[in-house]
Amino acid sequence: MSLRNAGENYENYGSIAETRPLLDNDAVESSASLGQVFDEGTGAEGKGQDRRQIGQVSAVFIIFNRIIGTGVFSTPSTILTHSGSVGMTMWLIGAAISAAGTQVYITWGTAFPKNGGEKNYLEYLFRKPKYLITSMYASNGVLLAWTAGNSLVFGEYMLKALNREPTRWALRFVALACITFAMLLHGTALNWGLRLQNFLGIFKLVVLFIVVGTGFVALSGHLHVEPPPRNFERVFEGTKLDASSLCVCLYNVLWSYVGFSNVNYALSEVKNPKRTIRIAGPLAIGIVTVLYMLANIAYLAGASKEEIVGSGRLVAALLFRNVYGPQAERVLSVFVAMSALGNVLAVIFAQGRVNQELGREGILPFSKFWASNRPFNAPLAGLWLHWIICVITMFALPPGDAYNFVINTISYPLSIINALISFGVIYLSRQPKSTHSPWPRVGPYAQFAALTFGLANVFLFVAPFVPPPPSGRPYEVLPYWTHAAGGWAVFGLGFVYWAVWAVVMPWWGRYGLVRVEQREADGLVGYLLPEMAQYDHLPSIPLNSKRGDHNQIRTSQGRRALPIPSITQKAQT
């Protein structure tokens, strides 16, 4: 393909009005190349099957480990406080929304079976202004401390197991040890990290079964407290229906289900990813939903409503104390701490790959460093970047509000992203089918699921601005709208970064931003941008070319050249 044809195609890249894929027939060398790009997620990922180490079982446990973290052990108190009743309606609603969300991510994962998750989906939907949506997503992916919340829960339960007071600094240093271990394990010994994740995934299922079994023991009347709880006599008494309380409840329920999309971030490393994602997601959600409902019944069978509300993040430990005594409470605390560790491993596994993918796209400063798989054939640099953000968050936030703020601030931007990609499924499904489009056929059920998931997430990012009643405040010290403001601020920082990096600096320096493919020694393909790439291999063109300067770039000798439009294939000169 000629550079002139490449330049013509480059002008079309970025139009949201078009529904054809970013790679059309002119942007690749042959139809076989297109199949390689989108079929099972090879293509841009370098050596294809050589990188595929995640099988069906590991994929299921990557989802399990992300979903079954500490939410079901630590959020029931908050949910009961804000819902006001023990009817578990919010858990059922959360399960339905999560099932719909799983279908949305299956649809997108089938179309784009490659690493990166929502980044790829948003880039496909919003192509102009170029790099804007990627920069805003990068801000969300990089600046939010996804692993901090469960690292803190690990610290709290581990200190309780050791019969130590969870003071501010003791809690934070134990949490630091947890996240540091996870970062080093996944960054230096990938296979051992996956093995430990799988083991902890099985372990967490066992813990949940023990919790459920303890509930049946409590229902049989074997309790160390008097009088026994009577939570099932008036299940809907005290129900709260204000928007703010519903929003806080849904945030916490959906936080307990966050993870159904976890395998989407690593599809390039999954064997037979299209088939795997269709099986792993629904299987994990179905099993988890049943276990979550039974676990909540167990809590209500073993403790009174007032005890659960006052237990904070230690509701599971409360259940064991009431049924088996104080020593059993310490044993359960170790179990929950190990569950939190499994979740930390799963989350940082995914976030490290998101950071790596952003580095490979040339979006982050020092992109080659973040994109590297060296020296252990694992994204150690991307993991380290996430580790830095989490450590800053854990040590900077006030003790009482830290956990809830982390959950809500992560959930808020995610709600906006989920709404966009959900409505994107409906939009793309109603456009004429392109011969070379990777977009799959989407049936009525999947479109209904996308509509349901999208509307639920619209509610979640609008409702936080509604003032809550005094009993429904989400924080002890921080204003109720803090997480919503924080979420928009994160996107705002991404916009500012884009404006400086992609608009002001190119205008000032009289150059254009383009992606240039570079295959690294570790087999990964990166896309370097002007300040990091050499363009001497491109032929020079006259400065009075009919192409506008905005479609040209400068080589290191000051010459100008047409950009390379394709994000996966080099233009043939």
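A cavity, on a 1 Å grid over the protein atoms alone, is a set of points where a 1.4 Å probe fits but cannot get out, and a lining residue has an atom within 4 Å of a point. Grid points are joined across faces, edges and corners, and a volume is the space filled by probe spheres set on the points.

The model on the screen is predicted, with local features requiring pLDDT of at least 70 and side-chain atom pairs pLDDT 80 or more, while totals for chains, interfaces and linings use all residues. Residues are numbered from 1 along each chain as its sequence is written, and side-chain values use heavy atoms, with hydrogens and water left out.

**Stop 1: the largest cavity**

Select Leu254, Val258, Phe260, Leu414 and Asn418; of the 18 residues that line the largest cavity, these lie nearest its centre. Helix 12 (243-257), helix 19 (402-429) and helix 20 (444-462) are the elements that give two or more residues to this lining; helices here are DSSP runs of H or I with at least four residues, numbered from the N terminus. Colour helix 19 next, for with four residues it gives the most to the lining. The volume of this cavity is about 210 Å³, and the structure holds ten cavities of 30 Å³ or more.

**Stop 2: serine 244**

Remain with helix 12 and select serine 244, which lies in that helix. Serine 244 has a relative accessibility of 5% and therefore counts as buried; buried means under 20% relative accessible area, exposed over 50%, and partly exposed in between, with a 1.4 Å probe and protein chains only.

**Stop 3**

Select arginine 353 and glutamate 269, whose side chains meet in a salt bridge (3.0 Å, N to O). A salt bridge is a side-chain nitrogen of Lys or Arg within 4 Å of a carboxyl oxygen of Asp or Glu. Arginine 353 is in helix 16 (residues 326-360) and glutamate 269 in the loop between helix 12 and helix 13, 84 residues apart, so that the pair links distant parts of the chain. Are these two residues buried or exposed? Arginine 353 is buried, with a relative accessible area of 1%, and glutamate 269 counts as buried at 6%.

Helix 16 also contains leucine 341, which is buried at 10% relative accessibility. From leucine 341 to phenylalanine 154 the distance is 6.5 Å, C-alpha to C-alpha, although 187 residues separate them in sequence.

**Stop 4**

The structure holds two salt bridges. For the other pair, select glutamate 123 and lysine 119, whose side chains meet at 3.2 Å, N to O. Both lie in helix 7, four residues apart, about one turn of the helix, and both are buried.

**Stop 3: loops with particular backbone geometry**

Move to the loop between helix 7 (118-125) and helix 8 (132-143), where proline 129 lies. A cis peptide bond joins lysine 128 and proline 129, with omega about -10 degrees.

Which loop holds asparagine 163? Asparagine 163 is found between helix 9 (148-161) and helix 10 (168-188). Its phi is positive, about 60 degrees, although the residue is not a glycine, and its relative accessibility of 62% makes it exposed.

Asparagine 272, in the loop between helix 12 and helix 13, likewise has a positive phi, near 50 degrees. With a relative accessible area of 39%, asparagine 272 is partly exposed.

**Stop 4: a nonpolar patch on the surface**

Finally, select Phe216, Leu219, Phe232, Val290 and Leu294, which form a nonpolar patch with about 470 Å² of accessible area together. Such a patch joins nonpolar side chains (Val, Leu, Ile, Met, Phe, Trp, Tyr) within 5 Å, taken from residues with over 30% relative accessible area and no salt bridge. Accessible areas come from the Shrake-Rupley method with a 1.4 Å probe; for residues, only the protein chains shown count as cover. Helix 11 (190-219) and helix 13 (273-302) each supply at least two residues of the patch, and valine 290 lies in helix 13.

Definitions and conventions. On a 1 Å grid over the protein atoms alone, a cavity is a set of points where a 1.4 Å probe fits but cannot get out, and a pocket is an open set with protein on both sides within 12 Å along at least five of seven lines; lining residues have an atom within 4 Å of a point. Patches are made of residues with over 30% relative accessible area and no salt bridge: like charges are joined within 9 Å, nonpolar side chains (Val, Leu, Ile, Met, Phe, Trp, Tyr) within 5 Å.
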